[in-house]
Amino acid sequence: MDTPSVRVFLLDDHEVVRHGLRGLLEGAGLDVVGDVGTTTEAVPEILRLKPDVAVLDARLPDGSGIDVCREVRSADPSVKVLILTSYDDDDALFAAIMAGAAGYVLKQVRGNELVEAVRRVSDGQSLLDPAITMQVLERIRNGHGDDPISRLTSQERRILDLIGEGMTNRQIAEAMSLAEKTVKNYVSQLLAKLGLERRTQAAVLAATHKRP
């Protein structure tokens, strides 16, 4: 019996790129079930079509493929996501990990390598190299030892946990009955204590220290 073809969805704001990717993947025997050029169109179409793998451009004029990944994976975890980007960017890698992406590939990748990446992600493999992920986490710890979270107050720790759940300052303020400005100040303080520069770094650190 023939093996079912991998069903793929494409998100890229450049029509020529989408057509090129479609030709490449279909030429390799994959089934491209849909493609769009905006994040607004992407989420409902992916949830409707239920592809095996969604190949998403990381940066688009109206948003981020990583945000699309987060929304899709939250609604339907069966959809695997491969982030395709022109930028070798630690922040984007952090965000991709947090959003549940199975892979993160630069657009400079060779055609046969991209096809192989899609097949591997469809099979349930991760293209986020564990060694690279560990290096990222080590950089996040920034030399503060094995338990950088211990320097936080209970209130700061609670806010860090909520950042790790993907909440915005406004959502955290509502959940904790605090003013949004107060939450913003807490976030600035906890980043300073942890030696971090960005919220995405805090979110990854929160995930590695998730409390039961």
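Axes here are lines fitted to C-alpha atoms, for helices over the stretch in contact, and angles run from 0 to 180 degrees between N-to-C directions. Helices are DSSP runs of H or I with at least four residues, numbered from the N terminus.

The model is predicted, so local features need pLDDT of at least 70 and side-chain atom pairs count only at pLDDT 80 or more, while totals for chains, interfaces and linings use all residues. Residues are numbered from 1 along each chain as its sequence is written, and side-chain values use heavy atoms, with hydrogens and water left out.

I start with helix α7, residues 154–164, which packs on α9 at an angle of about 95°, the axes being 10 Å apart. That makes α7 roughly perpendicular to α9, a label for angles of 65 to 115 degrees. On the α7 side the contact, meaning heavy atoms within 4.5 Å, is made by Gln155, Glu156, Ile159, Leu160 and Ile163. From α9 come Tyr186, Val187, Gln189, Leu190, Lys193 and Leu194.

Next, α9 (residues 180–194) against α8 (residues 169–176): their axes come within 8 Å and cross at roughly 110°. α8 and α9 are therefore also roughly perpendicular to each other. Asn169, Arg170, Ile172 and Ala173 of α8 meet Glu180, Val183, Lys184 and Val187 of α9.

Last, a single residue elsewhere. Ala75 lies in helix α3, residues 65–75. Is Ala75 buried or exposed? Its relative accessibility is 52%, so Ala75 counts as exposed; the cut-off is over 50%, with a 1.4 Å probe and protein chains only. The C-alpha atoms of Ala75 and Val43 are separated by 9.6 Å, and the two residues are 32 apart along the chain.

Definitions and conventions: Helix = DSSP H or I, 4+ residues; strand = E, 2+ residues; numbered from the N terminus. Parallel < 35°, antiparallel > 145°, perpendicular 65-115°, else oblique. Buried < 20%, exposed > 50% of the residue type's maximum accessible area, 1.4 Å probe, protein only.
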